[in-house]
Structure formats: C-alpha cells, structure tokens
Amino acid sequence: MDLSRFPRRRYTQGFTPLEHLPNFTKALAATCPDGAGPNVWIKRDDMLGLTPGGNKTRKLEFLVADALAQGADTLITCGAPQSNHCRATLSAAVKEGMKCRFVIEERVPNSYKVDASGNNFLFRLLGVEAITVVPAGTNMLAAMQQVAGEVAGLGRKGYIVPGGGSNAMGGLGYVACAQELQQQFFDQGVQIDKIVVGSGSSGTHGGLLAGFLGNHIHIPLIGIGVSRDPADQNPLVHKEAQAVCDLLGLGITVSADAVVSHGNWWRPKYSVPNAAMVEAVQMLARTEAILLDPVYTGKIMAGLIGLARQGHLKPDENVLFIHTGGAPSLHAYEAEVLGLVDMPA
Ligand SMILES: Cc1ncc(COP(=O)(O)O)c(C=O)c1O
C-alpha cells in the first residue's frame, strides 16, 4: 500500500518501540486462573512526537499537511475538558507556526475548570488562542464552523480537525502504524497473536483495521471501548475503516465481523474513574515504570487484564497492547489513581 501520495508532516523520528513487558506479564499471570496469563507486549505510541506523544500525533501528520496544503493558518478542533486530542492539535499548531482554537464539550456537567491541571494546564502553557465551552450534546461541527467564521472575520483561514482526528485522512496515521508494526514484527522476529487497542472516536482502531486488511496482516484486533458498548462502537469503527480503505482506493469491503470490541471497562461513564482502571494504572507503573492515563489507556489496559483473567487471552498467546498515550491527564486525577478515593468497580 502506497501512502507516499498523501501529503504528510513528520512529528516523530523513526519507529516507536515495540517492547516485551516481562514484569507486567509475570504480575498479570499471578492474578489469572492457574497462575498463567498471556505474554504481554507494548507498542509505545505514547512516545510519538508532539507534546508529549500519543495516538493523535499519527493522525495529525496527515491532517495538518492537508490544512497547510489548503492555506490554513488556524487549527480548530473539539474535545472533552481533558482532551489529549486538543492538546496534541495545539502542539502541532505551535510547531507549524499556526494558531489553535478549541470547542470544549462538558460531557460531564461542570467538568471544565479554567485552572484545572493535566491537559488543561498544557492548553494554557502551549498558548491556545481561544476556548469555547459548550454543554453535552451540542452539535460540535456546527460549533467549530462558527469558530471558523470568527477566524475568517479576522482575515484568517481556519481548518477544522474533526473530534479525535478521526476521519479518513486522520485514519491514514494508523495505516502507517500497521506498516510500521509489520516491519517491526519482521525485524524483531516477534509473532503477535492478538492486539488490544482503544476504541473511541475510532480513528485508531478503524485506521489499524484498514491498514491490516490492506497489508494482509491477519492478527485479530480487539477494541476496548472507552465510551460505548459494542452495539454503538462497532458501527463507528466499521465506517472509519471503510472510509480509510476507500480513500486508499483499496477496493475492499470491510466485513462487519472484522470489527470486534468490548464494553464494560469504560463504565460508569466516559472519563469517570473506576477501580479496574486504578489497578491497571498502578500495575503498569509499578512493574514497568510506564504511565497510563485515567480516561483512556488505564481503562483499555483494564480491559486487557480482564480479558486475560476471563481466559479470552490465553497463556500461550503473545498479546500486544497499543499504548495510545494520555499521561498528562494523570495530574488531573492524582488522588483517584493513588487509590485515595472510593469508586465503582
Ligand atoms: C490516550 C488516548 N487513547 C485512546 C484514544 C481513543 O482513540 P480514538 O479516538 O482514535 O478511538 C484517545 C482519544 O482521544 C486517547 O486520547
């Protein structure tokens, strides 16, 4: 598959590491039936470029190249109050000498605090130009179009980056990741049996799926929903994977069965902590010194741990966890991840 015909900015030098997690594997096995669990590997996309990495960097390489090709000088995007995507988009704007504005959706009422820590602090440090806060359920595209109108009124040109950077163009970033993984499996002599990936706005899961189909990689992808159960999540991933395949002109029809995800671990609500997330964040920090985040990767890793304990990930399997980043929001949830606050299972 030839990605070279799509304009792309480069925010990362080389590949992100593909590593085995021996200590975590051992700790997980001790909590699985018969003391045996899968062999866990990690793809360190938390170490991608921009401040400080995470899955959005891959999508933004293509989206920002498109914005620049269209003559835009301002990136406009949207997200939740602790949005990694907004922070990464702002970071790309800074690097490109562009301005950046956000529309922040208060998915949990009153959750936006102007002086909050975590990503919100980074919004201010990196110099966001303007933030518009709207209530849950607002039409985010219309809200971003309004901001684009305000920017145009100043004689400038805005470019709307969709929520999570998840459209066909953004999904190309995870097609590139599929190709990178294929090369690393070959170079490192690693055979992976299953891959666990977060599934939210779906550019990561859908883009990887398109990349796997296009490159004939037959490793099952297991999505862990961060805000939806499979009945709602799978159609989004399917639509994204198909859109990416179409943009690439692959002539592939993505079958519905190719999309697999699990719910459970995101509850009680998107971004609201639960005990399984706390266990996962502490376990990876204390066995491998790798940071997860409370909103996404902590819950995604809790899904991997849960699937291993339930026997869906078997003791003889090599399972790869895609670390999609997000560590800055740890600082907005310090008491929770230290286990100092009561919360649901
Ligand atoms: C750290 C992190 N992991 C996973 C996801 C989910 O990825 P996607 O939105 O591509 O489904 C996000 C989305 O914001 C994220 O910030």
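Reader: Which domains give at least three residues each to the shell around the ligand?

Author: This is a predicted model, where local features need pLDDT of at least 70 and side-chain atom pairs pLDDT 80 or more, while totals for chains, interfaces and linings use all residues. Residues are numbered from 1 along each chain as its sequence is written, and side-chain values use heavy atoms, without hydrogens or water. The shell draws on parts of the chain whose bounds come from an automatic or database domain assignment. They are domain 1 (18–54 + 167–337) and domain 2 (56–165).

Reader: OK, and which residues come nearest to the ligand?

Author: There are 15 residues around the ligand, where being near takes a heavy atom within 4 Å. The ones that come nearest are Lys-59, Gly-200, Ser-201, Thr-204 and Thr-324.

Reader: How far is the polar side-chain atom of Ser-201 from an oxygen atom of the ligand?

Author: Let's look at the polar contacts (pairs of N or O atoms within 3.5 Å). Gly-200 uses a backbone N or O atom, 2.7 Å from a ligand oxygen. Thr-204 brings a polar side-chain atom, again 2.7 Å from an oxygen atom of the ligand. For the polar side-chain atom of Ser-201, the distance is 2.5 Å.

Reader: What share of the ligand's accessible area does the protein cover?

Author: On its own, the ligand has 380 Å² of accessible area, worked out by the Shrake-Rupley method with a 1.4 Å probe. Of that area, the protein covers 97%.

Reader: Which elements give two or more residues to the shell around the ligand?

Author: Elements here are DSSP runs numbered from the N terminus: helices (H or I) have at least four residues and strands (E) at least two. Those that reach two or more residues in the shell are α2 (56–69) and α7 (203–214).

Reader: Where is Pro-52, which has a cis peptide bond with Thr-51?

Author: The cis bond joining Thr-51 and Pro-52 has an omega of about -20 degrees. As for its place, Pro-52 is in the loop between β2 (39–44) and α2.

Reader: Which residue is joined to Pro-268 by a cis peptide bond?

Author: Pro-268 lies in the loop between β9 (261–262) and α9 (275–288). Omega is about 15 degrees for this cis bond, and the partner of Pro-268 is Arg-267.

Reader: What value is phi of Asp-34 near?

Author: You'll find Asp-34 in the loop between α1 (22–30) and β2. Asp-34 isn't a glycine, yet its phi is positive, near 60 degrees.

Methods:
Polar contact = N/O pair within 3.5 Å; in protein donor to acceptor, adjacent residues only side chain to side chain.
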